[in-house]
Amino acid sequence: MKFNGKKEFKDAIIKYGIAERKVIKFIKDEGDRIRAKCDWPMCPWVCLLKKTSLAESWLVTSFNDEHTCPKRRDNRLVTSTRIADRFERLIRANPAWSLHHLQATVQQEMFANVSLSKCKRAKALVMARWFDRTKGEYSRLYDY
Ligand SMILES: [Zn+2]
């Protein structure tokens, strides 16, 4: 497995963690290497990415794809930003939705238990993005 850089690797791992309901953390994030590890105590899943000296690419040099942990509902990877990204359209289409409703939707579709305050931040993020965009459109129309 080859990556263009650490960011691409991190994005892929986070996507994987959310989809598989695993909490992965990044340790040893140094100049030429980064290690992703399952957060569950004693779970052996680990993935090491290293910058190769020959090419300007990053390679997975060590990978154990075995999890002994359960599917996690307390997934820290499910952040307010990621909730906002995933449900932006839905939130905008249903501005009257209660935070409890959003919380239940996150639970159902991302299999994660998140706090109401996280849902509140996600909703605020969506609204702020929407506002910024609308403001941009208005200023183009009316030359504010
Ligand atoms: Zn695990």
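Donors are N, O and S atoms within 2.8 Å of the metal (3.2 Å for Na, K and Ca), and sites may look incomplete because water is not among the atoms. The views below come from a predicted model, in which local features need pLDDT of at least 70, side-chain atom pairs count only at pLDDT 80 or more, and totals for chains, interfaces and linings use all residues. Residues are numbered from 1 along each chain as its sequence is written, and side-chain values use heavy atoms, with hydrogens and water left out.

**View A. The zinc ion and its donors, spaced C-x4-C-x23-H-x1-C along the chain.** Cys38 (SG), Cys43 (SG), His67 (ND1) and Cys69 (SG) are the protein donors, at 2.0 to 2.3 Å from the zinc ion. Ideal angles for four tetrahedral donors are 109.5 degrees. Cys38 counts as buried at 0% relative accessibility, as does Cys43 at 4% (buried means under 20% relative accessible area, exposed over 50%, partly exposed in between, with a 1.4 Å probe and protein chains only).

**View B. Phe3, Phe9 and Phe26, a cluster linked by ring pairs.** Rings of Phe, Tyr and Trp (its six-membered ring) pair if their centres lie within 6.5 Å; planes under 30 degrees apart count as stacked, over 60 as edge-to-face and the rest as tilted. The whole structure holds 4 aromatic pairs. One of them is edge-to-face, joining Phe3 and Phe9 at 5.4 Å centre to centre with 80° between the planes. Phe3 is buried, with a relative accessible area of 13%, and Phe9 is buried at 0%. The charged end of Lys10 sits over the ring of Phe26, 5.5 Å from its centre (the criterion is NZ of Lys or CZ of Arg within 6 Å of the ring centre and within 35 degrees of the ring normal).

**View C. The aromatic pair of Tyr16 and Trp45.** The ring centres of Tyr16 and Trp45 lie 5.5 Å apart and their planes meet at 15°, so the pair is stacked. Tyr16 belongs to helix α1 (residues 6-20) and Trp45 to the loop between β3 (33-38) and β4 (46-51), so that the pair links distant parts of the chain, 29 residues apart; helices (H or I, at least four residues) and strands (E, at least two) are DSSP runs, numbered from the N terminus. Tyr16 is partly exposed at 24% relative accessibility, whereas Trp45 is buried at 1%.
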